[in-house]
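Welcome! Take a look at the structure below, and then we will walk through some of its features together.

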Amino acid sequence: MKIVVCVKQVPDTKGGVKFNPDGTLNRAAMLTIMNPDDKAGLEAALRLKDQYGAEVTVLTMGLPKADEVLREAMAMGADKGILVTDRVLGGADTWATSTTIAGAIRNLDYDLIITGRQAIDGDTAQVGPQIAEHLGLPVISYAQDIKVEGDSVIVQRQYEDRYHEVKAKMPCLVTALSELNDPRYMTPGGIWDAFDKEVTVWGRADLKDVDDSDLGLKGSPTKIAKASDKVPKGAGEMLAGDSPEDLVNALVGKFKEKHII
Amino acid sequence: MNKMGLEEYKGVFVFAQQVDNTLDGVAFELLGKGKDLAKDLNTEVTAVLLGSDVKGLADQLAEYGADKVIVVDDPELKEYRTEPYAHALASVINKYKPEIMLVGATAIGRDLGPTVSARVKTGLTADCTVLEIGDFPINAVAGQEQKHNQLLMTRPAFGGNTIATIACPDNRPQMATVRPGVMQKIAPIAGAKAVVEEFNPEFTPDNRYVEILNIVKAVKNTANIMDAKILVSGGRGVGSKENFKLLEDLAEVLGGTVSCSRAVVENGWLPVDLQVGQTGKTVRPQIYFAIGISGAIQHVAGMEDSDLIVAINKDAEAPIFDVADYGLVGDLNKIVPALTKALKEEIEAAK
């Protein structure tokens, strides 16, 4: 079985957000991580590999530095890494990102493609289903469990108040939730091996059956009209009081003033 | 991208999500917003209703503002599956050519929206918090045509750290998803009627029609925090599952509901359907108590529109105080029971 896992390198918003003096986001000062949903997707692929034997290829699109997440994935146990990077691919929205990744995947043999549900920087959840659409594959989003049975996958597809157990013939694409599993750690041996494994670097010329008009900033139907740092709501009033009782009395006083009670 | 014939696209369309033949609240919320947009564009709002045996829901959509309802009624659409639904919605778009298509950012909409946008070759902006009609570029730029009557879609990014306003000037429809609870529905107009049109896009099952083997409904014993007027929300600082009793007591006195931050769910103290925030639910109660919640941006994104925010935290530097109307610095184990007691006395006295 051949599995392709799509991963993204993202800023670690959980570890705190750094701002430049002018108030813009200082991305250079923020740590980067493998996007959590993608990591769960990788873990799911590695478990299928452990169980049935599979070749796991990790693929990412990004700056040359994104090579780091491929090394991490290989240190966890992925077999091959592919980095899609090219200046003309910059500024892509989800449409242009998904056409790019689909163009890369067309070069590969695969039974199963796994992506994370969404990345923590954009939170759109669009790229996975859109890759499936470009490749004409069945898609099962929001997977909380993935099993393989013969030539099919059986996936628990999560909804707000239920899940569907869904069966799809491979090849197909599944988007993974971080709730799917607890990803394994890299092993020292794995880290060592990862440096011996090769990362293949692809540029624009390596993408199959994609028009220039569907790539990068130019190929993005959505355009940014305005971007700004969030203006925080004005901070409110810190209530004064030396004891919990004083504080509570001050708050109850405010509630009365506002006719809340 | 196809830039021809954009002017053929007219009208505001809303995907009227239903599950088990019950319309989702987000459908009404999108109709409410759709009505505003349609007014600015001098056009109509159309609900797109997909399902099996769902025609009877059209009147309800009319009561919440739909001028027209397009119904695709077919047994293939009984349960949500990406393929027959994406085919149905994409076919409606190709036939009726709306200029705007709004979809709820639910577990269904966040699968259907991207698939359909890729199929009809247009842009999709996810999880919008503001939708308005305006110019693109917003300010005229020399040498570039300024287009009028564009949908400007504002959304948070980077976990709520930045806000971006997005336009889709050269493709139609302009598609957006909106999370439940973000837009306001109108007060229903009893007896309102819409023009109902049935449409059959012809379904031909192929490998993309996945098979549903089983449907497992979660046993729901938790309140819907999106409907609560008062939320007493706890974070990591509450310390333990048992300690949530303090919050339950406060909620009980006020007739409120307990909710929580992501850390609480990760620790297994409360179930995920009580989680507020970017990966949980968006809430806007009349009063939101943030207790032992530091105020990570992902959390704030889900509750900052509450009418009144009261924060209780031992750390005076906690970012939650930046969004709170009233801040109380101190030990929640002392403050919360004292508050419960004081409010109980006030409420008793007022009776």
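Let's start with one spot: Met238(A) stands opposite Gly327(B), which belongs to β18(B). The model is a predicted one, in which local features need pLDDT of at least 70 and side-chain atom pairs count only at pLDDT 80 or more, while totals for chains, interfaces and linings use all residues. Residues are numbered from 1 along each chain as its sequence is written, chains are lettered from A and ligands numbered from 1 in the order in which they are written, and side-chain values use heavy atoms, with hydrogens and water left out.

**A sheet built from two chains**

- Strand β13 (residues 237-238) of chain A and strand β18 (residues 326-329) of chain B run parallel and are joined by two bridges. Strands are DSSP runs (E, at least two residues), as are helices (H or I, at least four), numbered from the N terminus, and two strands pair if DSSP finds at least two bridges between them.
- These strands belong to an open sheet of six, in the order β13(A)-β18(B)-β17(B)-β16(B)-β14(B)-β15(B), with parallel pairing. Its edge strands are β13 of chain A and β15 (257-260) of chain B, each pairing on one side only.

**Where the chains meet**

- How many residues of chain B are in contact with chain A? The count is 78 residues of chain B, touching 74 residues of chain A; contact means heavy atoms within 4.5 Å.
- Together the two chains bury about 6,800 Å², 59% of it on carbon and sulfur atoms. Buried area is the accessible area (1.4 Å probe) that two parts lose on being put together, summed over both.
- Six salt bridges are counted between chain B and chain A, where a salt bridge is a side-chain nitrogen of Lys or Arg within 4 Å of a carboxyl oxygen of Asp or Glu. Arg119(B) forms a salt bridge with Glu133(A), with the closest N and O atoms 2.8 Å apart.

**Aromatic pairs**

- Over all chains there are six aromatic pairs. Rings of Phe, Tyr and Trp (its six-membered ring) pair if their centres lie within 6.5 Å, and planes under 30 degrees apart count as stacked, over 60 as edge-to-face and the rest as tilted.
- Tyr159(A) and Tyr80(B) have ring centres 6.2 Å apart and planes at 80°, so this pair is edge-to-face. Tyr159(A) lies in the loop between β8 (152-158) and β9 (162-169) of chain A, and Tyr80(B) in the loop between β5 (68-73) and α3 (82-96) of chain B, so the pair joins two chains.

**Strand β7 of chain A**

- Strand β7 (residues 139-149) runs parallel to strand β10 (residues 172-176) of chain A, with three bridges, and Ile140(A) stands opposite Val174(A).
- With β8(A), β7(A) runs antiparallel through six bridges. Two residues lie between the strands of this hairpin, where Gly150(A) takes a positive phi near 60°.
- Tyr142(A), in strand β7 of chain A, has a phi near 55°, a positive value in a residue other than glycine.

**Cis peptide bonds**

- Most residues other than glycine have a negative phi, and most peptide bonds are trans.
- From Met170(A) to Pro171(A) the peptide bond is cis, with omega near 5°; Pro171(A) sits in the loop between β9 and β10 of chain A.
- From Phe136(B) to Pro137(B) the peptide bond is cis, with omega near -5°.
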